[in-house]
Amino acid sequence: MSTALIQVDHVTQVFPLADGGEYIALRDINLDISEGEFVSLIGHSGCGKSTLLNLLAGLTQASNGGILMQGREVSNPGPDRMVVFQNYSLLPWKTVRQNVELAVNRVMGERSAAERREIVDRHLTMVGLSQAADRLPAELSGGMKQRVAIARALAIRPRLLLLDEPFGALDALTRGNLQQQLMQICQEAGVTTVMVTHDVDEALLLSDRVVMMTNGPEAGIGQILTVPFPRPRQRLEVLEHPDFYRLRSELIGFLQQQRRLRQRRASLEQAVAASRPAVAAGDAAVAATPAEAPPTRAAATPAAVPAGSQTLVRLGYLPGLDVAPLALAIDQQLFDPALLRLVPMPFATWERLEEALREGRLDAAITPATTPLALNLGLGGQEPWPAITPLTVSRNGNALCLARQLAGLGVDDRDSLREWLLGRDRPLTVAVPQRRGIAELLLRHWLAGGAIDPERQVRFLAMAPLAMQGSLRNEQIDAFIAGRYRVAEAVQERQGSVLATDREIWEGHPEKVLTCHEAWAAAHEDALLELCAGLIRAAQRCDDSGQRQTMVQVLSQPQWLGTRAAQALGGQFRLRPQEGGATMLRFNHFHADRAQAPNRAEGAWMLSQFSRWGWIPFPSNRLELLEQTYRPELCDRALLRAGLAALRPDRQPFTLADGIAFDQDDPLTYLRHLPGSPQPPQATVPIPQARIPSPLPA
């Protein structure tokens with residue numbers, strides 16, 4: 001594909017409302033369009049398709065971001081961009097020829113009258129209207145009027161043709177004929193085209209790519225579908241292409257998923273609104289609970305709390321370096337006490353924390369990155385639970401520690417581990433902090449990339465991080481995955497050696513995220529945003545090397561890291577002899593480089609691995625599941641509350657250590673390219689419904 005003609009760069013479009021508020025039509029749109037490409041925009045009404053078209057035309061200006069055409073900013077309308085509207089926009093008192101001449105004379109006035117006449121005649125012939133050149137628009141059918149509009153647009157030789165549902169008002173036969181003519185005209189003229197449509201078949205027939213828009217407000221790009229049909233195209237050949245019905249099903253499936261999401265959000269909003277009068281009993285009892293005695297009953301009813309009032313939030317966590325933003329935010333009072341009364345509740349294992357979250361003994365928790373998806377899917381035989389994540393709390397941070405006796409046998413990398421396992425009659429026993437968690441997924445991916453079968457040659461054992469080092473010492477396990485400082489401690493005490501770090505497998509991967517119930521988030525949005533904003537403020541400081549001594553003092557408190565804090569952050573511990581202590585803060589990554597945005601592309605990779613190892617069929621409704629689980633719009637609001645610009649991840653493919661690019665728009669192709677990975681079965685995954693329970697008795 002050639003160099004991009006059009007670059008839509010982080011475009012957000014906001015419209016003011018009469019009551020002083022604002023409507024965010026588009027949020028953070030990124031899209032490159034190549035020379036000669038035909039791109040269709042598809043989505044439900046209100047998803048911002050026409051808004052984006054108007055921005056491309058220069059009819060309106062973006063509130064944030066910008067649009068470049070051949071490196072120049074699009075700031076106003078111009079003859080290099082022509083729009084064909086659904087209502088034709090012909091002057092009724094002028095003939096067909098005169099309507100086309102109007103554009104040609106305006107743009108090509110420097111040419112002779114004969115030359116301009118020839119251009120008009122040529123384009124009327126191109127659209128089959130030579131015989132109707134002297135008719136008025138009132139004498140034409142709808143299809144003929146649309147052909148006049150197309151001829152007028154193409155006659156001035158625009159670089160970009162913009163079509164706003166050009167055939168929406170036409171009968172099926174006329175529409176089909178015009179689609180075929182438009183396809184031929186655009187190909188002959190070599191014009192780059194962007195078309196808004198609601199017609200799935202039309203999009204597949206005409207397009208090189210179909211850009212699928214999510215629901216508004218704050219609409220974004222949900223998926224980009226590449227259409228592989230060769231050109232020139234004929235309708236019958238397209239219909240007989242082996243990929244046609246698969247692609248058609250994917251487009252229809254996306255629209256159905258968006259409809260279900262819209263219905264789900266509307267139902268939840270109605271339930272939250274209906275619950276507001278019933279707040280007093282349950283929440284008054286919670287507010288009266290002394291701070292030193294956290295409530296143990298399921299007091300966090302999702303009855304809606306009015307904005308601006310204080311909410312008690314019981315937040316679960318496992319002690320470790322990943323919760324440094326939480327520790328710092330509490331110590332430095334970065335949460336507004338008028339909005340939030342935070343009760344941090346430590347746990348020894350992820351299993352117990354997750355159980356408390358399910359039972360309502362926690363309102364939110366800092367969990368491994370896979371937990372929100374696993375809860376929604378009911379992985380491990382649990383009942384599906386409607387979880388969301390509005391914030392990534394940390395990235396990176398783990399390493400694989402191998403027992404010292406294995407290192408003594410020459411096992412010091414993946415290749416030597418593979419050779420050692422070939423002569424072993426039992427699998428390698430590896431302790432992981434959570435079964436099917438992000439640490440296990442990364443290790444499985446790394447092992448499989450080295451021709452080690454994680455299913456046959458490795459046994460994964462869930463274990464509390466506190467117990468891992470002792471189990472390695474007692475030879476109960478062969479290896480463990482844990483936070484860097486725990487692994488470094490084992491290395492320092494000559495109990496083990498490091499085989500790999502997660503940075504070497506997937507640099508910048510999500511490690512811990514904030515997780516809560518969807519209904520609780522809807523009912524306590526103000527408190528949730530304040531919680532996220534406080535964690536964001538603290539995460540900035542965690543990434544600041546000048547704050548290291550402060551972090552040591554804070555994390556030295558027994559509820560966080562205790563005596564390990566000075567060693568973990570002071571640089572005394574090294575995973576390998578050549579490693580310097582200065583890498584510690586970057587090893588655990590908290591804020592910089594859009595670290596905190598919930599990234600649906602990363603979630604799509606996790607789904608691909610769940611499917612790869614046979615834990616679930618690959619979800620055919622993955623976009624619905626990801627959009628339901630990952631809430632970047634909440635992160636944006638929290639960033640703004642923290643005084644920072646709203647940021648979202650880009651849509652670029654990313655790679656892990658094996659160098660195979662993962663494209664969130666085509667995860668099945670990625671799975672096919674993984675070594676030893678068969679094409680997984682697909683199925684629609686039911687997403688658990690969030691229900692607003694009645695307020696609890698006082």
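**Entry on the ground rules.** I noted that this is a predicted model, in which local features need pLDDT of at least 70 and side-chain atom pairs count only at pLDDT 80 or more, while totals for chains, interfaces and linings use all residues. Residues are numbered from 1 along each chain as its sequence is written, and side-chain values use heavy atoms, with hydrogens and water left out. Helices (H or I, at least four residues) and strands (E, at least two) are DSSP runs, numbered from the N terminus.

**Entry on the sheet.** I reminded myself that strands of a sheet pair through backbone hydrogen bonds, either parallel or antiparallel; here two strands pair if DSSP finds at least two bridges between them. I then traced an open sheet of six strands in the order S6-S7-S8-S3-S9-S10, with mixed pairing. Strand S6 (81-84) and S10 stand at the edges with a single partner strand each, so one side of each is left without a neighbour in the sheet. From one strand to the next the twist averages 15°, where axes are lines fitted to C-alpha atoms, for helices over the stretch in contact, and angles run from 0 to 180 degrees between N-to-C directions. Helix H5 (residues 172-189) packs on the sheet and touches S3, strand S7 (160-164) and strand S8 (192-196), contact meaning heavy atoms within 4.5 Å. The direction of H5 makes about 165° with that of S7. I also noted that isoleucine 42 stands opposite methionine 212 in S9.

**Entry on the backbone.** I found a cis peptide bond between glycine 216 and proline 217, with omega about -5°, and proline 217 has its place in the loop between strand S9 (209-213) and strand S10 (221-226). Another cis peptide bond joins arginine 231 and proline 232, with omega about 0°, and proline 232 is in the loop between S10 and helix H7 (235-239).

I next looked at asparagine 396, whose phi is near 65°, a positive value in a residue other than glycine, and which lies in the loop between strand S14 (387-395) and strand S15 (398-403). Is asparagine 396 buried or exposed? Asparagine 396 counts as buried because its relative accessibility is 0%; buried means under 20% relative accessible area, exposed over 50%, and partly exposed in between (1.4 Å probe, protein chains only). Alanine 451, in the loop between helix H15 (438-449) and strand S17 (458-462), has a positive phi near 65°, and at 57% relative accessibility it counts as exposed.

**Entry on the cavities.** A search of the whole structure finds two cavities of 30 Å³ or more. On a 1 Å grid over the protein atoms alone, a cavity is a set of points where a 1.4 Å probe fits but cannot get out, and lining residues have an atom within 4 Å of a point. Grid points are joined across faces, edges and corners, and a volume is the space filled by probe spheres set on the points.

The largest cavity holds about 320 Å³ of space. Of the 27 residues that line the largest cavity, the closest to its centre are Asp322, Asn398, Gly483, Glu511 and Lys512.

The second largest cavity holds about 110 Å³ of space. Of the 13 residues lining the second largest cavity, Ala439, Leu442, Ile481, Asp502 and Ile505 are the closest to its centre.

Definitions and conventions
1 Å grid on protein atoms, 1.4 Å probe; cavity = no way out; pocket = protein on both sides within 12 Å on 5 of 7 lines; lining within 4 Å.
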